[in-house]
Amino acid sequence: LAQCATFLRREIALTRPRVILAMGRFAALSLLAEDYPQVLQMPLGQLRGGEFQVNGIPVVVTYHPVKLLRAPLEKDNAWVDLCRARKLVRGAA
């Protein structure tokens, strides 16, 4: 993860997406830990719904797809996250 972080940040800078969907704890930490060191101590459930940005781009944190296979009751929460990301994309257009 640490070796790829530089490439990821560069790709984000080049593509300037409207929103970033961080699916899972490792994705969220890779994107957010540098600017938000407090996330290192937070479980994924607390990261969900948070207001985060990377280079001015909103980041929506949600569950990894494998988590949803193991805990299908979390699909409702993931749907809320996806709707939030869609709303951010439409609002940014």
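Modeller: **The core and its surroundings**

Of the 20 residues in the largest nonpolar core, those that touch the most other members are L31, L32, V39, L47, F52, V59 and V61. A nonpolar core here is a set of buried Ala, Val, Leu, Ile, Met, Phe, Trp, Tyr and Cys residues joined through side-chain atoms within 4.5 Å. Two or more residues of this core come from each of β1, α2 (25-32), α3 (44-47), β2 (52-54) and β3 (57-62). Helix α2 gives the largest share, four residues. Helices (H or I, at least four residues) and strands (E, at least two) are DSSP runs, numbered from the N terminus.

This is a predicted model, in which local features need pLDDT of at least 70 and side-chain atom pairs count only at pLDDT 80 or more, while totals for chains, interfaces and linings use all residues. Residues are numbered from 1 along each chain as its sequence is written, and side-chain values use heavy atoms, with hydrogens and water left out.

Not counting residues up to four places away in sequence, V61 touches A22, A28, L32, L44, L47, R48, G49, F52 and D81; contact means heavy atoms within 4.5 Å.

Two of these neighbours, R48 and D81, also pair with each other. They form a salt bridge, with the closest N and O atoms 2.7 Å apart. The term denotes a side-chain nitrogen of Lys or Arg within 4 Å of a carboxyl oxygen of Asp or Glu. Because D81 lies in helix α5 and R48 in the loop between α3 and β2, the pair ties together parts that are 33 residues apart in sequence. Both D81 and R48 are buried, where buried means under 20% relative accessible area, exposed over 50%, and partly exposed in between (1.4 Å probe, protein chains only).

A second salt bridge joins the side chains of R84 and E51 (3.5 Å, N to O). R84 lies in helix α5 and E51 in the loop between α3 and β2, so this pair also ties together parts that are 33 residues apart in sequence. R84 is partly exposed, with a relative accessible area of 22%, whereas E51 is exposed, at 67%.

The count comes to three salt bridges, and another of them is formed by R9 and E34 (3.5 Å, N to O). This pair links distant parts of the chain, R9 being in helix α1 and E34 in the loop between α2 and α3, 25 residues apart. R9 is buried, with a relative accessible area of 19%, while E34 is exposed, at 62%.
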